[in-house]
Amino acid sequence: MGLGFSRAVLVIVNKPHKIWWFYKTQFLCTHALACRHISKTNLCSSFAFSHDCEASAAVWSWFVFSESEGSALEQFEGGPCAVIAPVQAFLLKKLLFSSEKSSWRDCSEEEQKELLCHTLCDILESACCDHSGSYCLVSWLRGKTTEETASISGSPAESSCQVEHSSALAVEELGFERFHALIQKRSFRSLPELKDAVLDQYSMWGNKFGVLLFLYSVLLTKGIENIKNEIEDASEPLIDPVYGHGSQSLINLLLTGHAVSNVWDGDRECSGMKLLGIHEQAAVGFLTLMEALRYCKVGSYLKSPKFPIWIVGSETHLTVFFAKDMALVAPEAPSEQARRVFQTYDPEDNGFIPDSLLEDVMKALDLVSDPEYINLMKNKLDPEGLGIILLGPFLQEFFPDQGSSGPESFTVYHYNGLKQSNYNEKVMYVEGTAVVMGFEDPMLQTDDTPIKRCLQTKWPYIELLWTTDRSPSLN
């Protein structure tokens, strides 16, 4: 969601070491596909540029910091939030939990450079398959960046009106063949070498096409075969062919280093098919309004990450919700672990399992699993003999009086990279206070906004009080 490449579609196909880019014009039924490929060993490939302004804006997007918030990245109209939002989330992780800065909202230009480059390296390191130490960086050809790319690598300091006009024009005039003739793939065997190269290319990330070149770098570092092995359907586009939104596979790749298509914990079997999910606790989490609408259910590995930072997904956009209180991501309580394990045996989220699976659940939780004791528990947990074990009675029996861990009140922040979606049209963090109750209290209910409904998928009885006159927008 949110990756605005319009009708440019990244599709993984069953051809060794290749990415195929398909471009569909607006009239999908009558116009032919234009396609090229990226070879694993030679990046003389093509990206099919659309000529509408949304696609152009996404293609030439770069990483630029907001003038109003020193550590917040700004996204342009139609910009690729499926890349920018994860980068912003990891940047905040670095800034809030690995930096010794006293004022985290004030960043000098040098600090911005260090933050962005270290963040890009962190994501590339995560994408490196099995941490083998083979990293790829896509950049302009040496010797080509001064004259031939001058027209497409203008300074972000230009006025926004001039930038949008000249950049869209540059995309149209450059064309995908010329663009790919000016870029190269470089390989690095060690992380220090990669970090030096990323820092050396800082001006590239901050100029036109910076986001696209970083996306290329992530895909080639991960490896096309590895993406094909992890993505659920080899024909599934990483970028939606109609609306240009980044797929869940692309979001998961940037968040976890794995391009799996699902957000639940572990793998699941469905009609003989193995559906891959998230296999370990993520550093940065993911919450989505789609869960509030009951289209999906996010597992605890994404819902309860290592750091209190979450990508928040709406129908069309990605934003970031975060806090500085590490108590929000305290180690998993026994009851929370039990709930997670129980739900792995309840893939349809019915709230119950067949009684035949009770033994497996109890073994997975290291509970007593002798046959006689299992039969005793079946009779106790299913007194009517319906053949099912409900989640609630199971937790009450083995983990009584264990509520969720974490503070009841904490300061929170929300980031939206789009100017027009921000208060006063300035990209700034919106600060608020969250209160988490153990029950629903009608007297304390504040509002019913999309961001609150989304956060209720993690904290069912959360209430939010923001410092601005309106709640932050997810769109």
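Trainee: Is the crossing in which helix 2 passes helix 9 left-handed or right-handed?

Mentor: A crossing is left-handed if the near helix is turned anticlockwise from the far one by less than a right angle, and right-handed if clockwise. Helix 2 makes a right-handed crossing with helix 9. This is a predicted model, where local features need pLDDT of at least 70 and side-chain atom pairs count only at pLDDT 80 or more, while totals for chains, interfaces and linings use all residues. Residues are numbered from 1 along each chain as its sequence is written, and side-chain values use heavy atoms, with hydrogens and water left out.

Trainee: At what angle do the axes of helix 2 and helix 9 cross?

Mentor: The angle between the axes and the distance between them describe two packed helices. Axes are lines fitted to C-alpha atoms, for helices over the stretch in contact, and angles run from 0 to 180 degrees between N-to-C directions. Helix 2 (residues 81-97) and helix 9 (residues 248-256) have axes that come within 10 Å and cross at roughly 20°. Helix 2 is therefore roughly parallel to helix 9 (under 35 degrees; over 145 is roughly antiparallel, 65 to 115 roughly perpendicular, the rest oblique).

Trainee: Which residues make the contact?

Mentor: Contact means heavy atoms within 4.5 Å. Helix 2 contributes Ala82, Val83, Pro86 and Phe90, and helix 9 contributes Leu250, Ile251, Leu254 and Leu255. By class, this contact of helix 2 with helix 9 holds eight nonpolar, no polar and no charged residues (Ala, Val, Leu, Ile, Met, Phe, Trp, Tyr, Cys and Pro are nonpolar, Asp, Glu, Lys and Arg charged, the others, Gly among them, polar).

Trainee: Where is cysteine 81 found?

Mentor: Cysteine 81 lies in helix 2. It counts as buried because its relative accessibility is 0% (buried is under 20% relative accessible area, exposed over 50%, partly exposed in between, with a 1.4 Å probe and protein chains only). Its C-alpha atom is 9.6 Å from that of threonine 316, 235 residues apart along the chain.

Trainee: How do the side chains alternate along strand 16?

Mentor: Helices (H or I, at least four residues) and strands (E, at least two) are DSSP runs, numbered from the N terminus. In strand 16 (residues 430-436), Val430, Gly432, Ala434 and Val436 point to one face and are buried.

Trainee: How many bridges join strand 15 to strand 16?

Mentor: Strands pair if DSSP finds at least two bridges between them. Strand 15 (residues 409-415) runs antiparallel to strand 16, with six bridges, and tyrosine 413 stands opposite glutamate 431. Strand 17 (residues 462-466) also pairs with strand 16 in the antiparallel sense, over five bridges; there glutamate 463 is the bridge partner of valine 435.
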